[in-house]
Amino acid sequence: MVSPNFITEIIDNDLTTGKHSEVVTRFPPEPNGYAHIGHTYASFIDYGIARDYGGRFHLRMDDTNPEGERMEYAEAIIEDLTWLGWDWGEHIYFASDYYDQLYAMAIRLIKAGKAYVDSLPEDAISEYRGTVTEPGKESPYRNRSVEENLELFERMRAGEFKEGEHILRAKIDMASPNMKLRDPILYRILHQSHYRTGDKWCIYPMYDYAHPLSDAIEGITHSLCSLEFVENRAIYDWLVDNLFEEPRPRQYEFGRRSLEYTIVSKRKLIQLVNGGHVSGWDDPRMPTLAGLRRRGVTPESIRDFASRVGTSRTNRTVDIALLEYAIRDDLNHKAPRIMGVLEPLKVVISNYEGEDWLEADYWPSDIAKSGSRKLPFSKTLYIEQEDFAERPPKGFKRLSPGEHVRLRHAYVIRCDEVIKDESGKISELRCSYFPDSLGENVSGIKVKGAIHWLSAEHALKAEIRLYDRLFSVPNPDDEEGTFLDYLNPESLIVKEGLVEPSVLSDAEGSRYQFERQGYFWQDPKDSSPEALVFNRIISLKDSWATKQVKPKADKEAKPAQPKVAASIGEPLDPVLSFSNEQKAKLEKLESKVFGLSHDDAVMLIADDKLVNYFEDAVLAYPNNPQLTANWIINELRRELAADEAPAQKLKAKDLAELIELINQETINNRIAKEVFAEMLEGKTARAIVAERGLEQVTDSSEIEPLIDKVLAANPDKVEAYKGGKTGLSGFFMGQVMRESGGKANPQLVKELIEKKLQ
RNA sequence: UGGCCCAUCGUCUAAUGGCAGGACAAGUGAUUUUGGAUCACUCGGUCGGGGUUCGAGUCCCUGUGGGCCAGCCA
């Protein structure tokens, strides 16, 4: 369901290491608006992962701010997510249910000296916070006694203060480069009643406080959210570390997905509704789930879409064609085919009298379903205006004067005469039909195409609403002016059309394909048997139309963007900021004694820790300083920088031992990396090599059989290689190296392979 | 004069350091009583520059580009 990604990788790891035995995720919407397509993606990851791992999925209303939150929204979100197919069983929660616990935990923090009541006014707090480039200042109230904090906080809760008079903050670090850590606010006073807790509280927890603790309370294992919360993770960890034991939840962030021709910002959606640009939150053009549902889009197709859009750590904008594909792909095998005419053109069959009820299959032959309805045929028909051309363009496969066409499920007709009204507009076609062309009994007349049609006296009038993309540009937010300037004026076109009489006897909520037009269903609000209203869910792919606009499309094609950056920036020379001592050291490392390249020497010297480490290592093994430098720069430094840093324990002389083994060619580079990884666990290089017998194999007579084995096992690859696919040399190398347990001398292997493949 | 995150076909996404693959889009053809669907094929990519390595999309440095952080919002 959810395709593998960096999060499932983490989960796999947590499960195999036993860090968690079960996966518990949650989706935490705030009930202050309607769910939209963006929510489906996030909730899909949460629900899908829990489901895939046989774990638990919680729906939690993140209601920590009484302003704007309403039960009505919570209910709508529940309805929408249920419709989507997410199943949380009994696990529906409200952050507001945790208010007592959260309050108790705040007391604990205060008692531990980790939280304090600040009484600075709002603007001062903002000022004291500093900026992204300047550290903040500590509040004069930061060092109040525990007793005073306890008393003030209790009085805050009791409603003794006005909004803004006091707040509760975590005591972390006002100088942190991470702004979120500059004593984040935990509680604020809000004299507002809450849609669930009423007037019980006048202090409310902030998201940054309530969210991690709610996760921990519920036993969430993997708390997944979007990228803009990366900085918040620091508070998340701080709080959970201070208040909970292992196993505790961890937060992981994924990239958001936006959709072309769509916006989901709550503010902008409201503007669309209030400005009358759409009919409401469930207007079929809206990206809300309510809108999608009313339009007729199936939950299956939305799920399929979400699974086709992958998960990564980058914000991305998805091609809307992918959504459209998912919708069509689902409906293709679900929607019976009927006929509907959007813009009728009258056709009189001169040589036909009376009426016939023809049997017409609901399904094309490539769909393994059966069923049919009766279709009335008579002297006067309607066809689609588009399906007739007085002067047909090249490649036109429909009706034109003197030409034949198949009426879908019925006869072949020929156009004999075109009748126009006073204004010159075509008002009617006179055609003749071929009685022996029905069904398989083809009259011998060849036709290029088949068109849809309806019997004039039997067809039902219907309002047909043709919905299209809401915006005329893929990224309205990236354009000049406001997004409202880019509304697609043709996002809704209403037609007075005709449909088959059979629809009246179909079940409510039936979706159809109007052949050659698209997928439709009756609008669930506005349609009735007396006044039919059909919504177009999605048009059919139209390769004829695509072909027609091709020259234009070529012109519109984006000019090839040069991928190369226009300017090549000069790296800042770090030597400029070096002290005299560092400069002296640089000279030393670049001298013949050490012989390091300039860049490597600079890199080491820029970090005192590294240069000291380097000097110690070279002291322990002086034979190849450059090799030592390479290992420190390319391998060791990464480990030193890692969060959990076992490398701190790796002594310079131990690394020197590894360098010696490499330099003496006792082990090859590939093995060296394996050994290095094990050394982080505290063993020494020589011990690892001896224990596991990792010495390099340099004897051709030992290697050659391995090569023969690999070549024999892959005759096709050998063939391809000899045919010029030299990229396969890496494949052979890899196979042979693997066969040798990684121990073969790679240069030797390479030479031998090349010799054998000549 | 900050910190953090990110960069693979047009789009989205894969590739224990070892054959850059898939899907959508586009194109060609087959098939078709839907210019749909289906099938086959084609087109097309590792942001630039250095380094490590037998071998780099993957590791290191750097440049460029993009995103996020200074609500008593979430």
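Of the atoms of RNA strand B within 4 Å of the protein, what share belongs to sugar or phosphate? The share is 59%, and the rest belong to bases. This is a predicted model.

**Confidence**

The predictor gives the complex an ipTM of 0.97 and a pTM of 0.94. Chain A has an average pLDDT of 94, and 96% of its residues score at least 70. One stretch, residues 551-566, has a pLDDT below 50. Apart from near neighbours in sequence, residues 551-566 make zero contacts in the model. Where pLDDT is low, predicted coordinates should not be read in detail.

**The surface near RNA strand B**

RNA strand B is surrounded by 94 residues. Arg-316, Arg-337, Arg-398, Arg-638 and Arg-738 are the closest. By class, the surface holds 33 nonpolar, 28 polar and 33 charged residues.

Several secondary-structure elements supply at least two residues each. Among them are the strands β6 (185-189) and β11 (316-318), and the helices α12 (320-332) and α18 (625-641). Helix α24 gives the most, with six residues. Its span is 729-739.

| Protein residue | Protein atom | Atom of RNA strand B | Distance |
|---|---|---|---|
| Lys-397 | backbone N or O | base oxygen | 2.7 Å |
| Arg-637 | side-chain N or O | sugar or linking oxygen | 2.8 Å |
| Asp-366 | side-chain N or O | base nitrogen | 3.3 Å |

Lys-397 therefore meets the 3.5 Å cut-off for a polar contact. Asp-366, at 3.3 Å, is also within that limit.

**Thr-40**

Thr-40 sits in helix α2, which covers residues 37-52. Is Thr-40 buried or exposed? Thr-40 counts as buried because its relative accessibility is 3%, and the cut-off is under 20%. The side chain of Thr-40 comes to 2.6 Å from the backbone oxygen of Ile-37. Beyond four places in sequence, Thr-40 contacts Leu-84, Trp-86, Leu-289 and Ile-302.

**Lys-585**

Lys-585 belongs to helix α15, residues 580-590. Its relative accessible area is 23%, so Lys-585 is partly exposed. That class runs between the 20% and 50% limits.

Which residues does Lys-585 touch, not counting those up to four places away in sequence? They are Ile-605, Val-611, Asn-612 and Glu-615. Val-602 is 17 residues from Lys-585 in sequence. In space, the C-alpha atoms of Lys-585 and Val-602 are 9.4 Å apart.

Notes:
Residues numbered from 1 in each chain as written. Chains lettered and ligands numbered in written order. Predicted model: local features only at pLDDT ≥ 70, side-chain atom pairs only at ≥ 80, totals over all residues. Heavy atoms only, no water. pLDDT = per-residue confidence, 0-100. Contact = heavy atoms within 4.5 Å. Helix = DSSP H or I, 4+ residues; strand = E, 2+ residues; numbered from the N terminus. Buried < 20%, exposed > 50% of the residue type's maximum accessible area, 1.4 Å probe, protein only. Polar contact = N/O pair within 3.5 Å; in protein donor to acceptor, adjacent residues only side chain to side chain. Near = heavy atom within 4 Å. Nonpolar A, V, L, I, M, F, W, Y, C, P; charged D, E, K, R; others polar.
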